[in-house]
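Biologist: Could you walk me through this one? I'm new to it and would like to start with the overall layout.

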Amino acid sequence: MKRIFAFALAALLVATMAGCGNTNSSSQGASSQSMVESSQSEADLTSSQVESQATATGTGMKDGKTMDGFMDAVKEIYSEIYTEEIGDDMLKDLYMVAPEDVEAYVGEMSMVNILAFDILVVQAKEGKVENVKAALEQRKQNRISEFEFYPVNGNDENTKNALVLTSGDYAILVVCDDYDSVQTILDEYFTFE
């Protein structure tokens with residue numbers, strides 16, 4: 001009887017912790033998915049307002065498409081990779097993107113350091129897309145250097161083939177191992193000349 005009670009108690013504890021973990025990760029995702037500087041404070045914006053603002057004020061994204069939708073489509077392809085959302089500190093420190101150049105962004109990177117995987121879409125403020133693109137080019141070069149002599153999982157070639165693209169106000173970095181599939185999604189969401 002004690003074993004059954006202990007097992008039930010352990011199962012309840014695990015379920016409770018899992019529920020708390022999901023709540024925490026969704027709130028972290030909503031808070032770090034984008035930076036928006038406007039007359040409203042960031043605390044007053046909901047994630048749907050941020051998403052609609054990113055769609056309404058930017059150029060380069062096709063009608064009815066959103067950055068979150070793009071990221072969801074990419075994550076469907078890479079559902080088996082452990083990724084983490086790119087937060088404000090990572091955007092500034094790892095990707096060298098100046099916060100004052102950013103209207104909104106969404107991104108994921110590999111949590112495993114032996115896998116080169118970075119997907120980042122930044123909606124730049126007006127006139128700042130080239131600054132953001134230059135920062136993403138630097139991140140690409142840093143990833144190439146990281147894996148230049150470490151060809152595990154094809155990372156050396158995957159980083160060399162990384163894409164840094166612009167579409168209107170959007171700058172995009174893609175480091176992955178299936179560029180054809182991601183390019184199809186890019187073409188569905190963005191306009192490229």
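Modeller: One term before we start: contact here means heavy atoms within 4.5 Å. Also, keep in mind that this is a predicted model. With that, helix H3 (residues 67-77) lies across S2, S3 and strand S5 (170-175). H3 runs at about 10° to S2.

Biologist: What order do the strands take in the sheet?

Modeller: The order is S1-S2-S3-S5-S4, five strands in an open sheet with antiparallel pairing.

Biologist: And which strands stand at the edges?

Modeller: S1 and strand S4 (163-167) do. Each has a single partner strand, so one side of each is left without a neighbour in the sheet. On average, neighbouring strands are turned by 10° against each other, ignoring direction.

Biologist: OK, let's go strand by strand. How many bridges hold S1 and S2 together?

Modeller: Three, with strand S1 (residues 83-85) antiparallel to S2. Glu84 has Met109 in S2 as its bridge partner, and Thr83 stands opposite Ser110.

Biologist: Is S2 mostly covered or open?

Modeller: Mostly covered. Strand S2 covers residues 102-110, and nine of its nine residues are buried.

Biologist: How about S5, is that enclosed or open?

Modeller: Largely enclosed by the rest of the structure, because six of the six residues of S5 are buried.

Biologist: Which way do the S5 residues point?

Modeller: Tyr170, Ile172 and Val174 point one way, while Ala171, Leu173 and Val175 point the other, and all are buried.

Biologist: Which strands does S5 pair with?

Modeller: S5 pairs with S3 over six bridges, antiparallel, and Ile119 stands opposite Val174 there. S5 also pairs with S4, over five antiparallel bridges. In that pairing, Thr166 stands opposite Ala171.

Biologist: What happens at the turn between S4 and S5?

Modeller: S4 and S5 form a hairpin with two residues between the strands, and Gly168 takes a positive phi near 65° in it.

Biologist: Which helix lies across S4 and S5?

Modeller: That's helix H7 (residues 179-189), running at about 160° to S5.

Biologist: Switching to the surface now. Which residues make the nonpolar patch?

Modeller: Tyr82, Met111, Val112, Ile114, Tyr150 and Val152 make it, and the patch comes to about 560 Å².

Biologist: Where is Met111?

Modeller: Met111 is in the loop between S2 and S3.

Biologist: And why is Met111 called exposed?

Modeller: Because its relative accessible area is 54%, and exposed means over 50%.

Biologist: One last residue. Is Asp89 buried or exposed?

Modeller: Exposed, at 60% relative accessibility. Asp89 sits in helix H4 (residues 88-93).

Biologist: How far apart are Asp89 and Pro99?

Modeller: They are ten residues apart in sequence, and their C-alpha atoms are 9.5 Å apart in space.

Biologist: Great, what should I keep in mind about the sheet?

Modeller: Picture five antiparallel strands in an open sheet, with H3 lying across S2, S3 and S5 and H7 lying across S4 and S5.

Notes:
Residues are numbered from 1 along each chain as its sequence is written. This is a predicted model: local features need pLDDT of at least 70, side-chain atom pairs count only at pLDDT 80 or more; totals for chains, interfaces and linings use all residues. Side-chain values use heavy atoms; hydrogens and water are left out. Buried means under 20% relative accessible area, exposed over 50%, partly exposed in between (1.4 Å probe, protein chains only). Helices (H or I, at least four residues) and strands (E, at least two) are DSSP runs, numbered from the N terminus. Two strands pair if DSSP finds at least two bridges between them. Axes are lines fitted to C-alpha atoms, for helices over the stretch in contact, and angles run from 0 to 180 degrees between N-to-C directions. Patches are made of residues with over 30% relative accessible area and no salt bridge: like charges are joined within 9 Å, nonpolar side chains (Val, Leu, Ile, Met, Phe, Trp, Tyr) within 5 Å. Accessible areas come from the Shrake-Rupley method with a 1.4 Å probe; for residues, only the protein chains shown count as cover. A salt bridge is a side-chain nitrogen of Lys or Arg within 4 Å of a carboxyl oxygen of Asp or Glu.
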